[in-house]
Amino acid sequence: MTPTLLEEEKVFKDPVHRYIHVRYKTIWDLIDTPEFQRLRRIRQLGTTMFTFHGAEHSRFNHSLGVYEIMRRIVTKLEVLTEEERLLCLCSALLHDVGHGPFSHTFEKVFKTDHEEWTRRIIEGETEIRRVLSEVSADFPKKVSEVIGKTYPNKMIVSLISSQIDADRMDYLLRDAYYTGVNYGNFDIERILRLMRPAEEQIAIKYSGMHAVEDYIVSRYQMYWQVYFHPVTRSAEVILKKLFQRAKLLYDCNYHFRIFPEPLVPFFKDGPAKLRQYLDLDEATVIYYIREWKREEDTILSDLAERFMNRRLFKYIQYQPLDYLMWTDLQGLFEDAGLDPAYYLEFDSPSDLPYDFYRSGEEEEERLPILLLMPDGSLEELSRKSDIVQSISGKRRFDHKLYFPEDRITDEIRKRLGVN
Amino acid sequence: MLTEHAKVLYLLDTLGEIVGRKKLQKMVYISQKLKFDFNQRFQFHFYGPYSEELTVMTEELCELGFIEENQQDKGNYSVYQYAITEKGRDFLHHVHVNLGNILPIASKLNDSSSRFLELLSTVFYFEQLSREEVEEKIFTLKAKSNYSHGEISEAYRWLQELRQSC
């Protein structure tokens, strides 16, 4: 199979990679599908915009970015066939196509899984599947398997999903760019230039170790400074409570002023249909949250008002060993007429796991990053890098309690230890 | 608070101990597939279904002193052994955990090897595929583990038995 090329190369301007180059017709056609265009209406970082106002970039931007990094990688990998190159590119472009609005919170509350939706979008009755099927009948399945990490060629899987892959490299650079922080930057050109095929994955030439160190440190910094920022988490808490409240009201046959029809399939316990999922985006969700501000249900309207106007919950550091405090607080919140199910939340990093670098010791499920040494041997990164060694496998534990400071009583304030 | 953590604690309290990170991962995944109320997200990884969330929860439980993690030396490799502590039991008395009648199934899983649970969880993961396709997946994705047709048949037998017993 020889993939069809466009008559001339097309380019998109991109603030992170400068240009995104498209040569294959399949890629061009995929970008034009409604399912891919939908990603324009789903932000890459969800509620991070409440903390870093620049973080309004979409999953559409990121997906094109991952595609461009993959394009640069596969152009140099002579071990791949032409079809395998196209497979890598399609997988890179489509790896996030199953994300929904405010994915993280939405998935937690409604128990959906964006990876499962990605598979259904690629293999189901969609334009994306139609475009991919033009390559070959089994091509959609292959793309789906690469993204799902079940494709037999592990090298191809590792390019899109490993500890140093096109996805992570793009989101670090892109998220750093749009949030305006300096932490996420590293020398991607050098890493790409020094990538070499090795066994079932990619290795980086030893001379590129310092660029990889920067990449690992960037991951660490971005997690604590951006992804797990307490203000962002606070907005997530309110969103989670909003979804939970709306679902409960629906279950209780509450009469919504405007019936939230697009959300109803997710309020119900059964699986939603593909079309229903694809109809949902952040514009839709925000529309209903805005409307919920005027609902009679005081909890729903209060939470909606907080979300829309950024009146977020405050937080304190909390040591979970003091679990009696949690029990006390539940009682105090109830006494104050605040339902603790909606106005008190405990948050820990396990809710948003940080995939810190792991060296691949026994029973670990991740392939380590390998360095290709001058004598041709392969060495695991942390064995050669003191910097990576020092942050590899080390967790930081950070637990917090979230609450509406404007509504708590003096007694609650005292128990929380806030002035 | 810590309700998902408490379920992992409950499992350890019920079973006494679990030997192996991989075993813990696969036991929780299989229990989830059998509709026990575990809510971690799993993705397919090197040894089959794996949850980063569960890994972090386990580490948090260690950090809080609710469970103990001991490294067991097995010659050319080592495994981690997990057990609940007194502090963990105290905490468990303060939270409500409802995992239904998980004990018989959890015990059965805990008594089998990590290798077999890796295979069984992989069969669960690909349950929607035909037997032929699942075998092909196992022989290609887990070529190094060298699973036999007999072991795969055994995994299918377990899958049916476990489903029936739930």
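**Two helix pairs in chain A**

The crossing of α13(A) and α17(A) is left-handed, meaning that the near helix is turned anticlockwise from the far one by less than a right angle (clockwise would be right-handed). This is a predicted model, in which local features need pLDDT of at least 70 and side-chain atom pairs count only at pLDDT 80 or more, while totals for chains, interfaces and linings use all residues. Residues are numbered from 1 along each chain as its sequence is written, chains are lettered from A and ligands numbered from 1 in the order in which they are written, and side-chain values use heavy atoms, leaving out hydrogens and water.

Let's stay with this pair. Helix α13 of chain A covers residues 230-251 and helix α17 of chain A residues 298-308; their axes come within 9 Å and cross at roughly 150°. Axes here are lines fitted to C-alpha atoms, for helices over the stretch in contact, with angles from 0 to 180 degrees between N-to-C directions. α13(A) is therefore roughly antiparallel to α17(A), the term for angles over 145 degrees.

Now turn to α3 (residues 59-76) and α4 (residues 82-94) of chain A, whose axes come within 7 Å and cross at roughly 160°. That angle makes α3(A) roughly antiparallel to α4(A). Here α3(A) passes α4(A) in a right-handed crossing. Residues that meet include A:Tyr67 and A:Met70 in α3(A), and A:Cys88 and A:Leu89 in α4(A).

Key:
Helix = DSSP H or I, 4+ residues; strand = E, 2+ residues; numbered from the N terminus. Parallel < 35°, antiparallel > 145°, perpendicular 65-115°, else oblique. Contact = heavy atoms within 4.5 Å.
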